[in-house]
Amino acid sequence: MDALVMAGQLILGLTILVGIHELGHMLTAKWFGMRVEKYAIGFPPKLVSKQVGETEYMIGMIPLGGFVKISGMVDESLDTATLNQEPQPWEFRAKPAWQRLIVMMGGIIFNVITGIIIYAGLTWYYGDRYLLADDVKYGIVTNEIGQQIGLKDGDKVVGINGKPLVEFQDVYSPEVLLDRNGSYTVERDGQRLNIPVPSNLMDKLADNDKVGFILPREPFVIGSVKSGSAADKAGLQAGDKILKIGDQPIQFFHEFQAALVDHKAKTVPLQIERAGKPLTLKPTVEEDGTLGFYPELLLPRATHHYGLLESIPLGAEKAFSVITTNIKGFGKIFRAEVSASKALSGPIGIAQIFGGTFSWINFWTITAMLSMVLAFMNFLPIPALDGGHVMFLTYEIVSGRKPSDKFLENAQKVGMVLLLGLMAFAIFNDFFKLLFK
């Protein structure tokens, strides 16, 4: 049942995003008087179709993509039969380069707008949850960067730049990180101390791989368990409270994470409390130092509610943060800091991100993220992607010389080989992780 829920969410999400992406191409093409022969969601074989005017609207049986066929365009279909003839006024190749560029950017722009709209809608409808500084009653946990500037585990941050700290997330405010005289005020062993923020802190944070140098120490229980994970196989259930891992007592989630890393790929006794009764399980920790569950953190959260106009810039900020995260992720792959086999996922991996239980907030949050990822991936300068067309059209606009149709055709072939190879790798990688990890 979990697999069906995952697959259903994946198909629904991709159908929405691919439909919107291709709609961007189609509408901009029609706007400039180009003939759109086909608008397809999914790949053949054909499931249903309807001819409306000059355009056939089709839904294919393979719901992992889609396409728009524009007359006179060298695209992934490699239909070049008419390219030896004189361009017709309604063809893609007969239009000015700037119009062709807008058409190729249409899908990317529509996906970006979609991501912003979804994030803004979620922010407006659900608001933003936040943690009050007064509720961080167990203090903070820090890493080597925090220790270098003078912070210690257990410190309670009560102020920034001499002002009282109200929302805990403000420990990362530019007001303190970028201020020339930034500082944290902390309570430690009954005393208040002023911790100055060094001017090079941002450089250190940019170079550090670890997330967060100031995090709250939080008690937790098991939230939800991933189907087929080590936690699932060991019998962990939502609501379980972890008391010990091996001989180490556990109170906070960061302690549990650190203990799991020490037991990578090992079977370890796990003492838990379930419905007030003690129980011992013996899970085998994954090689990446996880068990495969989402924690329910127990410090109370409050919620900010926003008006519609306030939500739009907040939605845009969340949307573009997905792109910056992807850029950083690709940088790590190219620098061999992260294995491509762990970082890249195909349809199975994406379905697992949706999870085996359905909630609208989860579905739309992931769909918004995927919309921005789709925009980013399509903008990559690879032939057969929109970014490849954008690259050649930009060259044409700047140089005044159009690449030959033969060159574009060959570039499309090379791009298709690269994309098919990447897709095959992602799908194989999904199956490998599913079967052997």
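Helices (H or I, at least four residues) and strands (E, at least two) are DSSP runs, numbered from the N terminus. Counted this way, the protein chain has 13 helices and 16 strands. The model is a predicted one, in which local features need pLDDT of at least 70 and side-chain atom pairs count only at pLDDT 80 or more, while totals for chains, interfaces and linings use all residues. Residues are numbered from 1 along each chain as its sequence is written, and side-chain values use heavy atoms, with hydrogens and water left out.

Taken along the principal axes, the C-alpha atoms of the protein chain fill a box of roughly 85 × 50 × 40 Å. The chain has 437 residues, and 41% of them count as buried; buried means under 20% relative accessible area, exposed over 50%, and partly exposed in between (1.4 Å probe, protein chains only). A contact means heavy atoms within 4.5 Å. Among contacts in the protein chain with a separation of 6 or more, 64% are between residues 24 or more positions apart.

Two packed helices are described by the angle between their axes and the distance between the axes. Axes are lines fitted to C-alpha atoms, for helices over the stretch in contact, and angles run from 0 to 180 degrees between N-to-C directions. The axes of H2 and helix H12 (residues 386-399) come within 9 Å and cross at roughly 160°. H2 and H12 are therefore roughly antiparallel to each other (angles under 35 degrees count as roughly parallel, over 145 as roughly antiparallel, 65 to 115 as roughly perpendicular and the rest as oblique). On the H2 side the contact is made by Ala97, Trp98, Arg100, Leu101, Met104, Met105 and Ile108, and on the H12 side by Asp386, His389, Val390, Leu393, Thr394, Glu396 and Ile397. By class, this contact of H2 with H12 has 9 nonpolar, 2 polar and 3 charged residues, where Ala, Val, Leu, Ile, Met, Phe, Trp, Tyr, Cys and Pro count as nonpolar, Asp, Glu, Lys and Arg as charged, and the others, Gly among them, as polar.

H2 also packs with helix H11 (residues 360-379), at an angle of about 155° and with the axes 8 Å apart. H2 and H11 are therefore roughly antiparallel to each other. The contact of H2 with H11 has 16 nonpolar, 7 polar and no charged residues.

Tyr125 is found in H2 and is exposed, with a relative accessible area of 58%. Ser71 lies in the loop between strand S2 (55-70) and H2. At 4% relative accessibility, Ser71 counts as buried. Leaving out residues up to four places away in sequence, Ser71 touches Arg35, Glu37, Trp90, Glu91 and Phe92.

The structure also holds 18 aromatic pairs. Rings of Phe, Tyr and Trp (its six-membered ring) pair if their centres lie within 6.5 Å; planes under 30 degrees apart count as stacked, over 60 as edge-to-face and the rest as tilted. The rings of Tyr172 and Phe213 have their centres 5.4 Å apart and their planes at 85°, so this pair is edge-to-face. Tyr172 is partly exposed, with a relative accessible area of 30%, whereas Phe213 is buried at 1%. Elsewhere, Phe354, Phe358, Trp360, Phe363 and Trp364 form one aromatic cluster.
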